[in-house]
Amino acid sequence: MKKILLNKMSMLLIALIGVLVLLSACNEENKDEETKETTSDKLAYIVDFELSTKSLIIDEVEWIEEADKERIKELGLDVEKDLPTGFMIYDETQKAESIKLAENAEFFLVNHEDIAKPKQVEEKEFISYLAVGKGPYDLTIEDGQVVKVSEKYTP
């Protein structure tokens with residue numbers, strides 16, 4: 001009788017350990033998904049910079065190339081007329097939004113001597129550049145703040 005009870009307890013313990021292992025694995029997947037959700041990339045024009053709040057005022061846009069045949073069809077674009085240089089920057093909403101810069105944000109500008117290697121600059125130089133550099137810019141956003149700004153090369 002004790003042997004049967006001991007076997008049942010062992011089986012129950014093994015099943016419980018298995019359930020805990022499965023729950024732990026599911027919890028790790030959820031953490032990975034949460035992390036993925038907090039990081040995003042946007043292509044946008046920077047309309048303005050708010051010094052008092054250290055925020056960028058951006059207008060998100062979409063980069064469309066000739067290879068994006070489905071999107072071109074969705075928008076009813078004419079490749080010859082609308083994409084004469086092989087791409088276009090599409091601004092569906094022309095709606096500006098404010099987004100805060102992270103304290104340790106990085107800034108990169110197109111290096112015209114070697115476009116494959118962007119030039120990293122300090123925040124002050126970047127802010128000054130905004131007066132003449134119209135963009136667009138690739139923005140990396142983590143936890144609702146811009147952590148990286150890279151000027152996108154436009155031929």
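User: What is Leu139 in contact with, leaving aside its neighbours within four places in sequence?

Analyst: Leu139 is in contact with Ser40, Asp41, Lys42, Ala44, Ile58, Val146, Lys148 and Val149. Contact here means heavy atoms within 4.5 Å. This is a predicted model, in which local features need pLDDT of at least 70 and side-chain atom pairs count only at pLDDT 80 or more, while totals for chains, interfaces and linings use all residues. Residues are numbered from 1 along each chain as its sequence is written, and side-chain values use heavy atoms, with hydrogens and water left out.

User: How confident is the predictor in the chain, going by pLDDT?

Analyst: On the pLDDT scale, the predictor's confidence in each residue from 0 to 100, the chain averages 82, and 76% of the residues score at least 70. Residues 5–9 have a pLDDT below 50, and this stretch has zero contacts in the model beyond near neighbours in sequence.

User: What makes a set of residues a nonpolar core, and which members touch the most others in the largest one?

Analyst: A nonpolar core joins buried Ala, Val, Leu, Ile, Met, Phe, Trp, Tyr and Cys residues through side-chain atoms within 4.5 Å. The largest has 18 residues, and Ile46, Leu56, Leu101, Phe126, Leu139, Val146 and Val149 touch the most other members. Strands E1 (39–50), E2 (55–65), E4 (96–109), E6 (137–142) and E7 (145–151) each give two or more residues to this core. E4 gives the most, with five residues. Another core, of five residues, lies apart from it, with Ile72, Leu77, Leu83 and Met88 among them.

User: How do you know whether Phe107 and Phe126 are buried or exposed?

Analyst: Relative accessible area decides (buried is under 20%, exposed over 50%, partly exposed in between, with a 1.4 Å probe and protein chains only). Phe107 is at 2% and Phe126 at 0%.

User: What kind of aromatic pair do Phe107 and Phe126 form, and why?

Analyst: Rings of Phe, Tyr and Trp (its six-membered ring) pair if their centres lie within 6.5 Å; planes under 30 degrees apart count as stacked, over 60 as edge-to-face and the rest as tilted. Here the centres are 4.9 Å apart and the planes are at 25°, so the pair is stacked. Phe107 is in strand E4 and Phe126 in helix H4 (residues 123–129), so the pair ties together parts that are 19 residues apart in sequence.

User: What makes Lys152 a charge over the ring of Trp63?

Analyst: The rule asks that NZ of Lys or CZ of Arg be within 6 Å of the ring centre and within 35 degrees of the ring normal. The charged end of Lys152 sits over the ring of Trp63, 4.4 Å from its centre. Lys148 likewise lies over the face of Phe108, at 5.2 Å from the ring centre.

User: Why is Lys42 linked to Glu97 by a polar contact?

Analyst: A polar contact is a pair of N or O atoms within 3.5 Å; within protein, one must be able to donate a hydrogen and the other to accept it, and residues adjacent in sequence count only if both atoms are side-chain atoms. The side chains of Lys42 and Glu97 come to 3.4 Å, so they qualify. Lys42 lies in strand E1 and counts as buried at 18% relative accessibility. A polar contact of 3.1 Å also joins Lys54 and Glu123 through their side chains, with Lys54 in the loop between E1 and E2.

User: How do you know whether Asp78, Gln94 and Asp143 are buried, partly exposed or exposed?

Analyst: Asp78 is at 38%, so it counts as partly exposed. Gln94, at 63%, is exposed, and Asp143 is exposed too, at 61%.

Note on methods: Helix = DSSP H or I, 4+ residues; strand = E, 2+ residues; numbered from the N terminus.
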